[in-house]
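Please have the structure open while I talk.

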Amino acid sequence: MSFLNPRIPGINTDDIVTEVSEAPHHVGGLAQAGAAQLIATVDVEAGEDDWDLPPTEEHPRPVVLVHGTFGNRGYTWTRAAPLLRQHGYRIFRPDYGRHLNPVLFGLGDIKESARQLGEFVDEVLRRTGARQVDMVGFSQGGMMPRYYLNALGGAPKVHHLVGIAPSNHGITAQGLLNLARQIPGAQELVEHGVVEVTVPAWVQLQHDHPFQRELADLGETVEGVRYTVIATRYDDVVTPYTSCLLAETEDHHVTNIVLQDLAPDDHTAHVAMPYNPTVLKEVLKALGS
């Protein structure tokens with residue numbers, strides 16, 4: 001399965017920048033685009049995951065990190081991966097939804113991406129001997145797992161789904177354009193009209209697409225799974241930012257967090273959310289719950 005292999009055939013990763021300085025987390029507008037440019041040049045060969053390290057007694061569940069649209073297992077998690085390892089977690093990062101582009105992922109049919117995620121989870125459980133995983137997903141990676149949980153029978157295998165700025169109720173076309181403008185390589189696909197015409201996820205992510213209605217009809221949550229959502233009021237991709245949030249009910253354990261309720265002066269927008277220290281602190285708290 002190609003998404004298990006961190007190597008990307010045909011790409012000379014020696015030509016890709018392998019170091020990144022501190023990405024600003026109080027950014028917006030044009031400054032945000034500059035931060036994204038810096039972040040997205042990180043080497044996509046993110047190194048091996050923790051296949052040969054069994055989970056610890058303190059953290060018995062492996063953590064599956066699920067990137068978003070135009071993401072990959074490397075640059076999306078440059079902050080989260082080392083932080084989680086530092087705290088004793090075993091991490092696993094699939095590249096799902098390969099389509100057209102050898103470096104940027106999350107572009108394929110979302111239902112197929114959910115099936116790929118399910119296969120990846122099965123492999124993680126088989127290799128580690130764990131009974132369940134926790135998931136941390138960014139953007140599409142926070143929404144797509146809900147299809148896996150709700151439609152593909154994945155709920156018994158997942159203890160906690162943590163969504164960072166998840167597109168839980170879809171995105172507007174303008175939000176998708178805002179995202180593409182901030183990711184090197186994605187903008188070129190959009191400028192040549194390739195994305196709108198041929199990329200399945202592009203249309204499925206839009207809030208009025210039948211896939212979004214199907215996902216809504218399946219229900220926001222599944223019994224037995226914990227959910228944490230971390231949103232930002234300055235989200236320029238998932239708009240309004242409240243569409244990230246999940247309904248809080250008595251039957252299902254849902255926690256919605258808005259970044260500015262914790263850090264009122266923090267203007268972090270969508271693309272920088274997986275690198276924000278306050279966000280990552282909340283991820284650690286959620287995984288420990």
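Two strands are taken to pair if DSSP finds at least two bridges between them, and strands (E, at least two residues) and helices (H or I, at least four residues) are DSSP runs numbered from the N terminus. Before I apply that, note that this is a predicted model, in which local features need pLDDT of at least 70 and side-chain atom pairs count only at pLDDT 80 or more, while totals for chains, interfaces and linings use all residues. Residues are numbered from 1 along each chain as its sequence is written, and side-chain values use heavy atoms, with hydrogens and water left out.

With that rule, six strands form an open sheet in the order β2-β1-β3-β4-β5-β6, paired in parallel. Its edges are β2 (91-92) and β6 (254-258), each of which pairs on one side only. Further in, β1 (residues 63-66) and β3 (residues 133-138) run parallel and are joined by four bridges, with Leu65 standing opposite Val136 in β3.

Now to the aromatic rings, where Phe, Tyr and Trp (its six-membered ring) pair if their centres lie within 6.5 Å, with planes under 30 degrees apart counted as stacked, over 60 as edge-to-face and the rest as tilted. By this rule there are four aromatic pairs. In one of them, the ring centres of Trp51 and Phe92 are 4.8 Å apart and the planes stand at 65°, so the pair is edge-to-face. It links distant parts of the chain, since Trp51 sits in the loop between α1 (29-39) and β1, and Phe92 in strand β2, 41 residues apart. Buried here means under 20% relative accessible area, exposed over 50% and partly exposed in between (1.4 Å probe, protein chains only); Trp51 is buried at 11%, and Phe92 is buried at 0%. Ring pairs also bring Phe120 into a cluster with Trp51 and Phe92.

What about the interior? A nonpolar core is a set of buried Ala, Val, Leu, Ile, Met, Phe, Trp, Tyr and Cys residues joined through side-chain atoms within 4.5 Å. The largest such core has 51 residues, among which Phe70 and Met135 touch the most other members. Helix α3 (residues 110-128) gives this core its largest share, seven residues. A second, separate core of 23 residues includes Trp77, Ile91, Ile257 and Val283.
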